[in-house]
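Please look through the sequence and the structure shown below before reading on.

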Amino acid sequence: MSKKRIAPSLLAADFANLQRDIEMVNKSEADWFHIDVMDGVFVPNISFGMPVIDAIAKHAKKTLDVHLMIVDPDRYIADFAALGTDILTVHYEACTHLHRSLQAIKAAGMKAGVALNPHTPVSLLEDCIEDIDLVCLMSVNPGFGGQSFIENTYNKVKALKALITRKGAPTLIEIDGGVTDKNASELVLAGADVLVAGSYVFKSPDPTETILALSKQVNS
Ligand code: DX5
Ligand code: ZN
């Protein structure tokens, strides 16, 4: 079975010590950097903008997994490609022409991801799943770190896994929001490939150890 990946979300890092926290992730068992971009319009919060993301990209030595919680994401595809983004994820709810957005992301040399809000059914991806490299299932309402995990996510992971298998698609399943050691095993059992973890990692006494333990838990 392929390795289950851990993607610490820098939203929960100490922004006054960002380089320190990025180096911690570089040296840890983490697989990806998850970078949350919020515009204060699509979600009721603003995270950080291009100069900060550019600084993160300069230090981060692992896959850059960028989660855009912004309206009209097509406007920024070229910018994210230029700063070295590996996977660019847009929200289903923010894209009128999702297929076009996915093709534009790929044409810019990145993997294309689609995030679904908790209320958005997986079945809406039926006709484009083969074009999606990664589906990010939101297990909280996007906009803030530190929220509690929504239990219905397990059903969505199973439904998505069934769709991917039926279509023979190469799509990875990522879970974002409220991930901890309490739900990680069940998520992976249901079909998850990538676990994003913000508060659980960065608010723990020893983030390096927390990443290691989570990775071991889901890969044993
Ligand atoms: C929420 C973000 C998440 C967030 C997860 O809108 O997309 O990536 O950082 O944080 P935790 O793990 O604290 O729920
Ligand atoms: Zn995210």
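Strand β3 and strand β4 (residues 87-91) pair in the parallel sense over three bridges, where two strands pair if DSSP finds at least two bridges between them, and strands (E, at least two residues) and helices (H or I, at least four) are DSSP runs numbered from the N terminus. This is a predicted model, in which local features need pLDDT of at least 70 and side-chain atom pairs count only at pLDDT 80 or more, while totals for chains, interfaces and linings use all residues. Residues are numbered from 1 along each chain as its sequence is written, chains are lettered from A and ligands numbered from 1 in the order in which they are written, and side-chain values use heavy atoms, with hydrogens and water left out.

- Strand β3 covers residues 63-69, and six of its seven residues are buried, meaning under 20% relative accessible area, with exposed over 50% and partly exposed in between (1.4 Å probe, protein chains only).
- In the pairing with β4, the bridge partner of D65 is I87.
- Strand β2 (residues 32-38) also pairs with β3 in the parallel sense, over seven bridges, and there I35 has V66 as its bridge partner.

**Residue H67**

- H67 lies in strand β3, and H67 counts as buried because its relative accessibility is 0%; D176 is buried as well.
- The side chains of H67 and H34 are joined by a polar contact of 3.5 Å, a term for a pair of N or O atoms within 3.5 Å, of which, within protein, one must be able to donate a hydrogen and the other to accept it, and residues adjacent in sequence count only if both atoms are side-chain atoms.
- Leaving aside neighbours within four places in sequence, H67 is in contact (heavy atoms within 4.5 Å) with residues including I35, V37, T89, H91, A115 and M138.
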